Amino acid sequence: MDSGLKPEKLNLDGRTPETSEIFKHWLRCFEDYLDSSPSDVDSARKLRFLHGRVSHRISAMIETATTYEAAIEILKKRFIKTTNEVHARHLLSTCSQRSGEMLDEFVERLTALARNCDHKAVTAEEHRDLHIRDALVSGIRSSYIRQRLLEDGAKDLQGTVTLGFSLETAHRNLRTYSADLTNPSRSP
């Protein structure tokens, strides 16, 4: 194997915002390192190499894996986080240039944020609906409903509206219950 391709040990904290990007880059480098072998490397040997290129804490995470593929799957589940598309689009649309930040640095940050937005080919109508959905989540007055919409990660406008309406109705009904408890004369 080409020692020039040997990646540094992976010692990653899963709570940092860049975790997914750092892990993906490390994995790409590690797999390039394995591919640089003049002969095929079997799964058991790959697994041993993997344990040697991760910290003791990460090695303990994959200790139960019996194959290289299973170990990689464990690491992917731990370090590659699914992104909430609505939140990612919000971060992109509200991002502004920092004081002292050069234009090329700002464009690089915008490009990194855009990677999480799940851009795909859509019709003009679908594009419009996505903008309405994003504006709905950003502009809704109730922080509780916004939080629930972000947790649910509704993919389309109709699903977001339906869930929002349901949450709003439930919140209104909950206030009725609260009013009944504070004013016993209203109860039947």
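Visitor: Where do R172 and E168 lie, and how many residues apart are they?
Guide: This is a predicted model. R172 and E168 both sit in helix 9, which covers residues 157-182. They are 4 residues apart, about one turn of the helix.

Visitor: And what do R172 and E168 form?
Guide: A salt bridge. The closest N and O atoms are 3.6 Å apart.

Visitor: Which residues do shared partners join into one network?
Guide: R89, R133 and D134. Salt bridges that share partners link them.

Visitor: How many salt bridges in the whole structure?
Guide: A search of the whole structure gives 7.

Visitor: Switching to E101. Which side chain does it meet in a salt bridge?
Guide: The side chain of R109, at 2.8 Å from N to O.

Visitor: Why does E101 count as buried?
Guide: Because its relative accessibility is 13%. The cut-off for buried is under 20%.

Visitor: Next, R128. What is its partner?
Guide: D129. The side chains of R128 and D129 meet in a salt bridge, 3.0 Å from N to O.

Visitor: Where does R128 fall on accessibility?
Guide: At 46% relative accessibility, so R128 counts as partly exposed. Exposed would need over 50%.

Conventions
Residues numbered from 1 in each chain as written. Predicted model: local features only at pLDDT ≥ 70, side-chain atom pairs only at ≥ 80, totals over all residues. Heavy atoms only, no water. Salt bridge = Lys/Arg side-chain N within 4 Å of Asp/Glu carboxyl O. Buried < 20%, exposed > 50% of the residue type's maximum accessible area, 1.4 Å probe, protein only. Helix = DSSP H or I, 4+ residues; strand = E, 2+ residues; numbered from the N terminus.
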